[in-house]
Structure formats: structure tokens, C-alpha cells
Amino acid sequence: MAEVILHIYDVTNSGSDKTNNTIVHINKIFKDRIGLGGIFHSAIQVYGDDEWSFGFCEQGSGVFCCPSRKNPLYTYREFMVLGRTNSSVFKVNQILCELSREWPGTSYDLLSKNCNHFCDELCERLGVQKLPGWVNRFANTGDAAIEMAENTALRFKQAKTEIVSASKVAYRFLVGVTSGSTAGDNPLRNSNSGSPRFQSAWFKNLVTAGAKPSNSSEIETQEGDVVLQHQRQHNSAHTLQQTCHNSERPLRQSSQQLEQTLRHNSL
């Protein structure tokens, strides 16, 4: 059995002393005072004096080793023992060879596949506990934020597609209703278009009321009113004619009586 040791560094490879000092200051505040974490590099030491880690490179594997606590790119911070592995030296070397093939340098990603993720994977295969949460918390938080943003964008896209589909369905429905109502008006108009009385009634209603009859019962009522009005006019004329004829009859009788009286007197 062998101890598995985690070595932690402050990430100070920006090339700017001001930036590096700022990172060290941030790590002191967020890790030492608040306990949330910071911006760290990590490596695992097991069987020997070298530590193993992962980083970016354009060709080959991103897995590399260097003397423990002496990575020249970063500022050493602290170490902690994660446990003891039951794996032999041969098994550990086999695990490292497998990881070297599975972790090419071009696959490095600051938020989703960095040195801390590599150390977690190595610790899992060695059978010891993983890194404390504060070591990679900033990367995990950033990765979660990106994933949330991607999911939100996907949901917005899906919602937009659903809205467009619903709009198309609503548009087709409205077009169908409009076509149906138009077709419903035509038979009424066509069935009565040959009736002069209906045409006159419709024209009269259009001039007086300013609107076309809205339904068949209203049309029939208006048509009946026209017929009734015509009959009333006809009856009125007939009554007037009879009255005039009857009024002439007494006049004719009076003239005849007057003529007879005159004849009688002359005799």
C-alpha cells in the first residue's frame, strides 16, 4: 500500500506579476477566509517522488509528471493525504498509461476537463477519496453556469418552435372559420337573388338602415312587410274607387228626378 498525496498550487502562470499577485490574493480570501475555494492547480503523488497532472498541449498526451512540489509554472500552496491505495506499482503504472491515452492535450478545457478533473479520475481508479470540493469549485460553478445557459437557450428555441407551430394552427383555423362563414352567406343570397321583392326589400333596408339583413327570418319578415304594404295600397285604391262610384250614384239619381220634375211642370 502507498499513500496518495494531493499537491495544490496557486495558478500564477499568467505572465503578469500583477495578475499573479491578484490570483494569490483572491485564493487567500475565498479559500482561507471564506472557505469557498479559488483558482488552483493540482497534482497526485503516489509511489515515488514525482507528481502526476494534466495540462494542454497541441500534440500527444496532456498527462505529465514533474518532481513533487516543484512545478515551475505555479506557486506551491499546500498538500493533503487522500488515503492509501491497494494498487501495486505495476497497477499504478498501468492506470497512468491508460489515462495518458484517454486524456490528450487538445482535450483540455478550463471548466470541464482540467487538471483537477484528471486528479479526481486518478484518485477514483486508485480507490481513494476525490479532491475536496473547494479545489475545483470555481471551475465546476462556471461549467454549471455554461450548462444552464445552454439549456436555457435550448428551451427558448423549443418554445419559439412551439409558438410558431401554434400560430400556424391558429391561422389555419381562422382561415377555415372565415371561409365557412362566407360560404354560409352565399346560399342565402343565391336562393333569393331572383326575387324582385327581396331585392327591393334589401335595397330599401340598405338605404334606410344602412345594413344588409343579417339572417333569413329578418329577410322573410321584410319581404312579408313589402307584400302586406302592396296589398294595403291595392285595397286602399279599390276602396277609393268604390267610394267615388257610390258618390256618383246619388248625383245621377238627383239629376233624373230634377229632369222629371221640370218636365212635369212644363206640362
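## Basis of the model

Because the model is predicted, local features need pLDDT of at least 70 and side-chain atom pairs count only at pLDDT 80 or more, whereas totals for chains, interfaces and linings use all residues. Residues are numbered from 1 along each chain as its sequence is written, and side-chain values use heavy atoms, with hydrogens and water left out.

## Overall fold

The protein chain contains 6 helices and 5 strands, taken as DSSP runs numbered from the N terminus (helices H or I, at least four residues; strands E, at least two). Along the sequence these follow the order β-α-β-β-β-β-α-α-α-α-α.

Of the 267 residues in the protein chain, 27% are buried, where buried means under 20% relative accessible area, exposed over 50%, and partly exposed in between (1.4 Å probe, protein chains only).

## Surroundings of Cys 115

Cys 115 lies in helix H3, which spans residues 115-126, and with a relative accessible area of 5% Cys 115 is buried. Leaving aside residues up to four places away in sequence, Cys 115 touches Phe 40, His 41, Ser 42, Ser 53, Phe 54 and Tyr 108, a contact being heavy atoms within 4.5 Å. Phe 56 is 59 residues from Cys 115 in sequence, yet their C-alpha atoms are 9.3 Å apart in space.

## Ile 39

Ile 39 sits in the loop between helix H1 (17-33) and strand S2 (40-45). Ile 39 counts as partly exposed because its relative accessibility is 33%.
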